[in-house]
2 protein chains.
Amino acid sequence: MKDLLIVGGSDAGISAALRAREQDQTVQVTVLLADDFPNYSICGLPFFLSGEVPDWRALAHRTREELAGQGIRLLPRHTATAILLREREVAVSSPGGELRLSYDRLILATGASSRRPRHVEGLDLPGVFFLRWMGDGFAVDAYLQNHNPSSALIIGSGYIGMEMADALTRRGLAVSVAGHSQSVLKTVDPEFGVLIQEELDRNGVQVESRVAVGKISARDGGLAVTGAGGFQAQADLVLVATGAEPATELAVTAGIALGRGGAIQVNRRMETGVPGVYAAGDCVETWHRVLGKTVYQPLGTTAHKQGRIAGENALGGAKEYAGTLGTQVVKIFDLAVARTGLRDEEAKTEGFAPLTVETQCWDHKAYYPGPRKLHIRVTGDRATGRLLGAQIIGHWQADIAKRVDIFATAIFHGMTVDDLAQLDLSYTPPLGSPWDPVQMSAQTWCHTLSLHGKTDV
Amino acid sequence: MKDLLIVGGSDAGISAALRAREQDQTVQVTVLLADDFPNYSICGLPFFLSGEVPDWRALAHRTREELAGQGIRLLPRHTATAILLREREVAVSSPGGELRLSYDRLILATGASSRRPRHVEGLDLPGVFFLRWMGDGFAVDAYLQNHNPSSALIIGSGYIGMEMADALTRRGLAVSVAGHSQSVLKTVDPEFGVLIQEELDRNGVQVESRVAVGKISARDGGLAVTGAGGFQAQADLVLVATGAEPATELAVTAGIALGRGGAIQVNRRMETGVPGVYAAGDCVETWHRVLGKTVYQPLGTTAHKQGRIAGENALGGAKEYAGTLGTQVVKIFDLAVARTGLRDEEAKTEGFAPLTVETQCWDHKAYYPGPRKLHIRVTGDRATGRLLGAQIIGHWQADIAKRVDIFATAIFHGMTVDDLAQLDLSYTPPLGSPWDPVQMSAQTWCHTLSLHGKTDV
């Protein structure tokens, strides 16, 4: 094994490269990069666009020099156009022309693209944007600087839609959100969607729910957006944030099999169906630890983990990816909203007998100044008592993200809800309670189950 | 089973009472309370004395009415003087005279007393205080109000010593700390002791280390404190914070066996050696999950858990206490300092082959405003890779407590350090990193081990 070739220089690709070099300093690691921005924190783009991060260069996880210092050979603006499996070569298009690079092991980390919603016209009009790569961020920023728009419509009320509603409001625009679902951020329960919507209201963001946008058109120097049921809106800027799709063209053309959600099929060692070819990150299907099957769930944290495993295994390792729990957190104005594991309806679909119970409590002892209310929703299986999932919402400085991580660590190990009370968690009045809110909510869940019985709630 | 009698109305006793009534609303639960303050958060006393909590009544976890509403019969100022095991009765001294209360099951939750250091003279002088119970807090507060002392010497640099250095400084006193150990807060590594001492310095607290106090005497309207090696200090108020001792007199007199640290011996079901008699909280020895043996470690979190189990088992349950990890956090001025599991030297003593590695990293992506530096020390076993312990220090609002809880949850399940990288933890740039600091520090530990080999570091 001499040559490791990695297609893609974002989270998964660079994690793979770093891990490979960590394991073996003699291996030649080459990373093909479609754009000019290796190892950037694209999750940080909303904070660049909001103005909270004044210089986009700060978004680099590592500089190009640091990567070179790790012995990684970066080829920016090199786009892989074909994989020649038999020759173990990749055809590449670059500013210097076409070339072919050979490999002993290949890792595909091609990421995802913004989903372009079908049936929506006008997606290519000036002033209409997507947000995924650094280039997308620069385009939005340039438009903000050069056209000074006063209003924005965001199509989509998921993570990026919510973060950008916050960002563009900070940037001084009047922001509206048109979401397809009944409540915003449909990856958490509608009860939390209501709380998020109240926070959006407080910050002047208009939300329209259950909107199916049909057409964007230029009008009066701005953009008019129309949709089913008479939906009409006007804005100077439109951001389409309706999800991501795995970038698989390279794999498909090479005959590499796809799996869940049209993403590249991989086993838990991040091996594709072709020996010597690994894949990781937003372009692959992802093993879900609770569901025991694959899902399509493009996330930076997952990409880092999978990339690391692909890098280790490409060098002869046999590490298995332990699986996602769908753990996520997002900051929306002054709120943090976090989830891990399964929600009630997800659990039901998968054959569990879920019970979900909400608890409200303070983030620390209320007598100490500055207590903040947390809403915690715990989902467990009535039959087995197993913890299946948790969701938390509250002030963004109320340790919500790390509390959901305690749940995530418990779910990772298959704990019962009842056993959460046995965890030896830290306590001091300014930072928690003798029973941490994580444990209080578990106890409320158990108490509710005992009151209502195991089958009828 | 009709009568459950509980001696002690602090954390363990009230937890037991609540759990018992939760299980069976027909059981008669009586709680004997030596003072007048049931279910108070005595951990909150430093924050009352600092002035951050203006009204001591706010320290009640629950009011007396709430406890009565749960069907718990509280007998304040009732001191148990003897257990008559054969008669299943407890002799009680109360304002109304002597009485005897019968029981079917008995739970001892007598707590601990402040340790009175041997060989120190003058502990009973006016102006010399201990801090454990509400009454101690009132005494200090009254002295502060009535005598307006301008300086304080704290003997002891453990948790209470550190919190009270902070509290009395806030209250306007010039504070010195005289500690026995080489560095302050010896429950964390000396490297962290140095950082704590710097924080004390910044806040004007004088620290003297390796001091063995010999004598406190009244002088010039204040107190003079002298010790070995010529130690001399002068203060208007002296607080002795040199630890706690289990309150076991009642148990000893009844012939109930003691265990580790002179605390009441219990099994993991919180049963004493006498059938029908349970014990929980600061008066008992505590099962340590990593050590696999008992320790004496009086902590509020542990008391709550043990009390709950005692309450459940007194009603016929068979719940086992899962064990402590020694998880603790303390806020000292702007710092939070947390630990869980074993430190290097503790692990070595117990036959592990520990390696401890310190990592410094930001609490969230440094490009987002307000990043704060964390120091994380991870201890793992070189031979097995098992995670044994972790310590974190940094700004108190940098999610340190809940990050140590992620470590605690991992240790609880016997994870290896390497597997921490597999945990699916939450991420958004304002609140973390794609690899949370918990995982970064684990990776640094693994990398250090791989560089130095499994035996020679």
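Predicted model: local features only at pLDDT ≥ 70, side-chain atom pairs only at ≥ 80, totals over all residues.
Author: Let's start with a word we'll need all the time: contact means heavy atoms within 4.5 Å. Residues are numbered from 1 along each chain as its sequence is written, chains are lettered from A in the order in which they are written, and side-chain values use heavy atoms, with hydrogens and water left out.

Reader: Okay, which residues does B:Lys319 touch?

Author: Leaving out residues up to four places away in sequence, B:Lys319 touches A:Asp418, A:Asp419, A:Gln422, B:Arg268, B:Arg269, B:Ile309, B:Glu312 and B:Asn313. You'll find B:Lys319 in the loop between α8 (300–314) and β21 (328–332) of chain B. Those labels come from DSSP runs, numbered from the N terminus: helices are H or I with at least four residues, strands are E with at least two.

Reader: Is B:Lys319 buried or exposed?

Author: Buried means under 20% relative accessible area, exposed over 50%, and partly exposed in between, using a 1.4 Å probe on protein chains only. B:Lys319 has 17%, so it is buried.

Reader: What joins the side chains of B:Lys319 and A:Asp418?

Author: A polar contact is a pair of N or O atoms within 3.5 Å; within protein, one must be able to donate a hydrogen and the other to accept it, and residues adjacent in sequence count only if both atoms are side-chain atoms. Here the side chains of B:Lys319 and A:Asp418 are joined by one of 2.4 Å.

Reader: Where does A:His375 lie, and which side chain does its own side chain make a polar contact with?

Author: Look at strand β24 (residues 373–381) of chain A for A:His375. Its side chain makes a polar contact of 2.9 Å with the side chain of A:Glu358. A:His375 counts as buried because its relative accessibility is 14%. Not counting residues up to four places away in sequence, its contacts include A:Phe192, A:Leu195 and A:Ile393.

Reader: How do I read two packed helices?

Author: They are described by the angle between their axes and the distance between the axes. Axes are lines fitted to C-alpha atoms, for helices over the stretch in contact, and angles run from 0 to 180 degrees between N-to-C directions. Under 35 degrees counts as roughly parallel, over 145 as roughly antiparallel, 65 to 115 as roughly perpendicular and the rest as oblique. Take helix α10 (residues 400–412) of chain A and helix α11 (residues 437–452) of chain A: their angle is about 55° and their axes are 10 Å apart. That's why α10(A) is oblique to α11(A). A:Arg403, A:Ile406 and A:Phe407 in α10(A) meet A:Pro437, A:Val438 and A:Ser441 in α11(A).

Reader: At what angle do α10(A) and helix α10 of chain B pack?

Author: About 5°, with axes 9 Å apart, so α10(A) and α10(B) are roughly parallel to each other. Among the residues making the contact are A:Asp405 and A:Ile406 of α10(A), and B:Asp405 and B:Ile406 of α10(B).

Reader: Where is A:Met270 found, and what is its phi near?

Author: A:Met270 is in the loop between α7 (249–253) and β18 (277–279) of chain A. Its phi is near 65°, a positive value in a residue other than glycine. A:Met270 counts as buried, at 1% relative accessibility. For B:His119, phi is near 70°, also positive in a residue other than glycine, but B:His119 counts as exposed at 74%.
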